[in-house]
Amino acid sequence: MKSVLVGIAFFVALGAAAQQQPKQAAPPEPAPIVPAPIVRQTPQIPTIVVESRLVPIALNVVDEKGVPVAGLTIDDFEVKEDNKPQKISIFDKESVTPLSIVLAIDASESVFSDERLEREAARKFVRSILRPQDQIDLMEFDDTVRELVPFSNDAGRLDDGLGRMTRGDATAMYDAIYLASDRLQETKSDGGRRVIVMITDGEDTAHHGNYPSALEEAQRAGAMIYALIIVPIHNDAGRNTGGEHALIQMASDTGGKYFYVEDKRDLGPAFQHVSDDLRTQYTLGYYAPQHGGDIHGFRHIDIQLKDPALRAKYSLRYRNGYYSGKK
């Protein structure tokens with residue numbers, strides 16, 4: 001009996017020991033085989049980049065009496081660059097294209113003598129010309145050039161700037177044109193019109209800048225120069241007219257215009273002439289052709305009416321060319 005109990009105890013202990021043995025882990029499943037990506041060799045194709053530059057041109061058409069001519073269409077005009085015909089790509093007969101205007105006022109004592117009249121005339125011009133898409137930069141110049149208000153569409157802000165003008169001595173006229181052109185080049189063109197309105201007696205007495213550099217900078221900016229020339233002494237035989245003639249030539253070359261102001265009370269009507277001129281312009285444009293050789297040189301523009309009969313009746317005014325690249 002005792003031997004039977006011992007045998008039973010032995011088998012019970014053996015079973016308990018077997019239950020305490022750790023189970024063997026199942027072998028891991030093999031990882032899925034991911035096929036390597038197929039890489040196809042493609043030949044390198046050179047990329048050719050062609051830069052096209054839109055050349056916008058503001059154009060005035062007048063009859064023999066100087067009255068603006070309306071109603072012309074894109075088919076009435078032909079454009080040439082350096083005597084080669086160009087395709088007109090944009091045309092606007094409503095003058096809705098934006099205006100960027102630098103109003104530069106001569107603050108030298110010889111010009112800025114009746115401050116109230118001059119400021120009031122300038123204020124009326126600002127309020128009459130500004131539309132939501134337009135902007136004006138206000139500068140004054142004597143022996144130096146100062147920007148009183150950067151480009152703005154806020155007539156009140158420009159009013160405040162006109163109120164801060166101060167009288168100086170010399171006249172840095174060419175510097176003013178140069179710096180005004182520089183500021184215009186910082187604006188977005190997008191086919192818009194760039195304008196410099198100068199109020200001055202036309203005599204540069206600061207002798208900092210010069211005519212050629214000022215004209216070139218204006219042409220690089222595509223700026224039209226409108227000159228309101230103040231005549232200090234009516235019919236003064238000793239008056240230096242060299243600066244006046246320089247301004248007149250600049251206005252002609254850039255497609256702008258000039259007006260003589262013999263009485264400060266005529267400033268208002270002169271500003272109105274500028275406003276009317278800008279409001280009755282056509283705008284056309286073409287894409288500059290690719291040129292070999294000197295890609296930064298001056299390119300001449302010629303615009304004509306196709307119909308010889310219209311050509312005999314009407315006169316055209318526009319800028320005579322542009323620079324094709326940066327300096």
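1. Asp82 comes out partly exposed, at a relative accessible area of 29% (buried is under 20%, exposed over 50%, partly exposed in between, with a 1.4 Å probe and protein chains only). Asp82 sits in the loop between strand E2 (77–81) and strand E3 (84–86) (helices are DSSP runs of H or I with at least four residues, strands runs of E with at least two, numbered from the N terminus). Its phi is positive, about 50 degrees, even though Asp82 is not a glycine. Asn83 is in the loop between E2 and E3 as well, and its phi is also positive, near 70 degrees, again in a residue other than glycine. Asn83 is exposed, with a relative accessible area of 71%.

2. A word on the basis of all this: the model is predicted, so local features need pLDDT of at least 70 and side-chain atom pairs count only at pLDDT 80 or more, while totals for chains, interfaces and linings use all residues. Residues are numbered from 1 along each chain as its sequence is written, and side-chain values use heavy atoms, with hydrogens and water left out.

3. On confidence, the mean pLDDT of the protein is 84, and 78% of its residues reach 70 or more (pLDDT is the predictor's confidence in each residue, from 0 to 100). Where pLDDT is low, the predicted coordinates should not be read in detail.

4. Next, strand E11 (residues 282–287): five of its six residues are buried, so the strand is largely enclosed by the rest of the structure. Strand E1 (residues 54–62) runs antiparallel to E11 and is joined to it by six bridges (two strands pair if DSSP finds at least two bridges between them). Strand E4 (residues 90–92) is antiparallel to E11 too, with three bridges. Have a look at Gly285 in E11: Pro56 stands opposite it, and Gly285 is also the bridge partner of Ile90.

5. There are seven aromatic pairs (rings of Phe, Tyr and Trp, the latter by its six-membered ring, with centres within 6.5 Å; planes under 30 degrees apart are stacked, over 60 edge-to-face, the rest tilted). Phe125 and Phe271 have ring centres 4.8 Å apart and planes at 25 degrees, so they are stacked. Phe125 belongs to helix H2 (residues 115–129) and Phe271 to helix H7 (residues 267–279), so the pair links parts 146 residues apart in sequence. Both Phe125 and Phe271 are buried.

6. Phe298 and Tyr323 pair edge-to-face, at 5.1 Å centre to centre and 65 degrees between the planes. Phe298 is in strand E12 (residues 298–305) and Tyr323 in strand E14 (residues 321–323), so this pair ties together parts 25 residues apart in sequence. Phe298 is partly exposed at 24% relative accessibility, whereas Tyr323 is buried at 16%. The charged end of Arg220 sits over the ring of Tyr323, 4.2 Å from its centre (the rule is NZ of Lys or CZ of Arg within 6 Å of the ring centre and within 35 degrees of the ring normal).

7. One more for the aromatics: Phe77, Phe91 and Tyr282 form one cluster.
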